[in-house]
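Hi,

Here is the structure I promised to pass on.

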Amino acid sequence: MSILEAITAAEREAGELLKQAQNDAREIVMAAEEEAKRKAETLIAEAKEKAGRTVEEAGAESQKAADGLLFEQAKADESAMEKARANLEKAASHIVERIEKQ
């Protein structure tokens, strides 16, 4: 084999190795992109699930707070009603007295 043939063969082999390396690199990049996409989809799904749980928890907490406020307001309304009833009797008595005096 002559030097020229050896150089040509070496160049051919180098070209094939370069093509194989490019193909290997392309496959590695595609596999990495697919893995990154799967991980991103998983993270997005987990984030959506966590956000949903957070919204549910916040809704439950706000409902509990609203129920507490309604209970407190109902107690205040009941107290005001009892005071009004007590004053109603006094007012009625006062009106009856004034009518009787006339």
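First, a term you'll need: a residue is called buried when its relative accessible area is under 20%, exposed when it is over 50%, and partly exposed in between, using a 1.4 Å probe and counting protein chains only.

Some housekeeping before the rest. This is a predicted model, in which local features need pLDDT of at least 70 and side-chain atom pairs count only at pLDDT 80 or more, while totals for chains, interfaces and linings use all residues. Residues are numbered from 1 along each chain as its sequence is written, and side-chain values use heavy atoms, with hydrogens and water left out.

Now the overall picture. The chain's secondary structure amounts to one helix and zero strands (helices are DSSP runs of H or I with at least four residues, strands are runs of E with at least two, and both are numbered from the N terminus). The radius of gyration is 43 Å, well over the 13 Å that the globule rule gives for 102 residues, so the chain is more spread out than a compact globule. That radius is taken over C-alpha atoms, and the rule is 2.2 Å times the number of residues to the power 0.38. Along the principal axes, the C-alpha atoms fill a box of roughly 145 × 20 × 10 Å.

What does that do for burial? Of the 102 residues, 0% count as buried. The chain exposes about 9400 Å², and carbon and sulfur atoms supply 60% of that (areas are from the Shrake-Rupley method with a 1.4 Å probe; for residues, only the protein chains shown count as cover).

E89 sits in helix α1; from E89 to I7 it is 82 residues in sequence and 120 Å in space, C-alpha to C-alpha. E100 also has its place in helix α1, which covers residues 3-101. E100 is exposed, with a relative accessible area of 64%, and its C-alpha atom is separated by 121 Å from that of L17, 83 residues away along the chain.

On to charges. There are 16 positive and 23 negative side chains, and the centres of the two sets lie 9 Å apart. Lys and Arg count as positive, Asp and Glu as negative, and His and the chain ends are not counted; each charge is placed at NZ of Lys, CZ of Arg, CG of Asp or CD of Glu.

How many salt bridges does the structure hold? Three, where a salt bridge is a side-chain nitrogen of Lys or Arg within 4 Å of a carboxyl oxygen of Asp or Glu. Here they are:

- E35 with R38: the closest N and O atoms are 2.7 Å apart. Both residues lie in helix α1, three residues apart, about one turn of the helix. E35 is partly exposed at 33% relative accessibility, and R38 is partly exposed at 45%.
- E49 with R53: the closest N and O atoms are 2.9 Å apart. Because they are four residues apart in helix α1, about one helical turn separates them. R53 is partly exposed at 40%.
- K75 with E72: the closest N and O atoms are 3.7 Å apart. These two are three residues apart in helix α1, so about one helical turn lies between them. K75 is partly exposed at 44%, and E72 is partly exposed at 44%.

Cheers
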